[in-house]
Amino acid sequence: MRTAGIVAAALLMTGGATAVTTGAATAAPSTAQSCYGSSKALTTVNKVWPKYPNWAYTTANCADINVKPNATIKVQACWKNHACNRPTTIRAGQWGTAATDVLNGTKFYLKFSGNVSGRIAY
């Protein structure tokens, strides 16, 4: 047992920890890239997306409902029971969240303070 502990300590000192750290550091950016990489074009009709009476369903691609509008605007995520969260302001050309930690397969639509286009990832 004592020999195994010494070998493990030697591995850590010679770069074993570096390999683990490097793997963890590269995992987060690839996750974010797959979320935004799966984004779709967004264009509102009557300040709503998707066009009424359609609904969107969250996917495993992202944990949040992310919006990148072409103009600074307020957005609310609304659910199957038609309850909506508080409006969030998202700046033009930047990714922002309309809702966070949403379960996969959740039925939703977005309400905006005006008509807008941009990208959506969910």
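How many bridges join strand S1 to strand S9, and in which sense do the two strands run? In this predicted model, S1 (residues 40–43) and S9 (residues 117–121) run antiparallel and are joined by four bridges. Within this pairing, Thr-43 is found opposite Ser-117 of S9. Strand S9 also has a pairing with S4, again antiparallel and again with four bridges. Here, Lys-68 faces Arg-119 of S9 across the pair.

Strand S4 spans residues 65–69 and includes Asn-66. Is this residue buried or exposed? Asn-66 has a relative accessibility of 3%, and because buried means under 20%, Asn-66 counts as buried. Its side chain comes to 3.2 Å from the backbone oxygen of Asp-64. Leaving aside residues up to four places away in sequence, Asn-66 touches Arg-119, Ile-120 and Ala-121, along with Cys-35, Tyr-36, Trp-95, Gly-96 and Thr-97.

In soluble globular proteins, nonpolar side chains tend to be buried together. The largest nonpolar core in this model holds 18 residues, and those touching the most other members are Trp-49, Ile-65, Phe-108, Leu-110, Phe-112 and Ile-120. At least two residues of this core come from each of S4, S5 (73–79), S7 (96–99) and S8 (107–112).

Note on methods
Residues are numbered from 1 along each chain as its sequence is written. This is a predicted model: local features need pLDDT of at least 70, side-chain atom pairs count only at pLDDT 80 or more; totals for chains, interfaces and linings use all residues. Side-chain values use heavy atoms; hydrogens and water are left out. Buried means under 20% relative accessible area, exposed over 50%, partly exposed in between (1.4 Å probe, protein chains only). A polar contact is a pair of N or O atoms within 3.5 Å; within protein, one must be able to donate a hydrogen and the other to accept it, and residues adjacent in sequence count only if both atoms are side-chain atoms. Contact means heavy atoms within 4.5 Å. Two strands pair if DSSP finds at least two bridges between them. A nonpolar core is a set of buried Ala, Val, Leu, Ile, Met, Phe, Trp, Tyr and Cys residues joined through side-chain atoms within 4.5 Å.
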